[in-house]
Amino acid sequence: MLLIKNGYIKPMVGQDIENGCVLINDKGKIEAIGKDIVAPKDAKIVDAEGRLVTPGCVEAHCHIGLDNEGIGWEGQDYNEIVDPLTPEMRAIDSIYPMDEAFGLALQGGVTTACTGPGSANVVGGTFAAIKLVGKRVDKMIVKSPLAMKCAFGENPKRCYGKNSNKSPMTRMGVAALLRELLFKSRRYLEDKESGKNPAFDMKLEAMIPVMKKEIPLKVHAHRCDDILTAIRIAKEFDLNMTLDHCTDGICIADELAEEGICAFVGPTLGGKPKVELQNKCFETPAVLHDAGVPISIITDAPVIPLQYLPMCAGLAANAGLDMEEAWHAITINPAVQTGIANRVGSLEPGKDGDVVIWNANPLTTIGADAYMTIVEGNIVYQK
């Protein structure tokens, strides 16, 4: 067992606890949290010495393990650019846990990431939620499949219409290809459920969890028209969805609030290399939150290295987002919005013992990283 004592505990649910404790049992689960916890005789004790203690941060949208750092083309395993519709692709078949980005993320206090295919294809395949510790991806999975990636706007247009003179060349083409796949998927599922036994189709098999609303469409969309087209299509087919990036959300916050769809905002740090990023700014999370849109903040790593997720939340707070909500946007919010809050995102009894003890508050102190990172009760990084 592991007892963390003398910490300023920020559990992300309920009140903060000064001089608090977190007890993690031998199964890697949080046993108790509170002011005074008596450590069992065999417990390892970590004295936080008054430092800030939070749950491990959760990244709602990135490509860690699929777009690997420092090894060039060989490490680019996140876009199967041969067909604009590849729902049968699975993130877990491309994740490389030995990438140095995993260790850097742990140093930055990020312990769980939702990772998967890029946005070259209209439908790219399934994301997975994984812990960032391990040698074998099968043992790192929190949830898989997590969501089905689809993309609107410049990326699929550029990868196909511009480079290969094939569909999609326009936003109409992107929408039409997605609709066609959804129509076929619906008919395929209806035929299977009615006993007609249609010929096996791997693409349509992969879409069944989407059609049954077991997993959402994970929609890459920056520009406001793409965002609203995605919502239109999801309504047509009665599907669940998340809005990933949502750069123009600042322009249509009132419209998005009406829909009740969560927005994963980012990557906001850096330049504006594409036309559809012209409204990119750190004010967007605050504007969306104030309008009533549920938000998480994302890095889209490696666009922004994953260890800088807390810094991105701090920059959003500096631009107007309530500080408490900024913390929620990188912990409990992404956990809830991606369907993994039963395990991560907050410090509560029964959840995984993923805990970060910070050198300083990373949302207010530039360069602050973890003093210690703990995943399922094991110390995986110590400064």
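Reader: What share of the 383 residues counts as buried?
Author: This is a predicted model, where local features need pLDDT of at least 70 and side-chain atom pairs pLDDT 80 or more, while totals for chains, interfaces and linings use all residues. Numbering runs from 1 along each chain as its sequence is written, and side-chain values use heavy atoms, leaving out hydrogens and water. Buried means under 20% relative accessible area with a 1.4 Å probe, protein chains only. On that cut-off, the buried share of the chain's 383 residues is 57%.

Reader: How many residues does the largest nonpolar core have?
Author: A nonpolar core joins buried Ala, Val, Leu, Ile, Met, Phe, Trp, Tyr and Cys residues through side-chain atoms within 4.5 Å. Leu132, Met241, Leu256, Leu288, Ile297 and Leu306 have the most contacts inside the largest one. Its size is 85 residues.

Reader: Which helix gives the most to this core?
Author: Helices are DSSP runs of H or I with at least four residues, numbered from the N terminus. The top contributor puts in 8 residues and covers 171-193. That's helix α4.

Reader: How many residues are in the other core, apart from that one?
Author: Ile4, Ile17, Ala48 and Val355 are among its members. The count for this other core is 16 residues.

Reader: What percentage of contacts with a separation of 6 or more joins residues 24 or more positions apart?
Author: Contact here means heavy atoms within 4.5 Å. Among contacts in the chain with a separation of 6 or more, the share from residues 24 or more positions apart is 67%.

Key. Buried means under 20% relative accessible area, exposed over 50%, partly exposed in between (1.4 Å probe, protein chains only). Helices (H or I, at least four residues) and strands (E, at least two) are DSSP runs, numbered from the N terminus.
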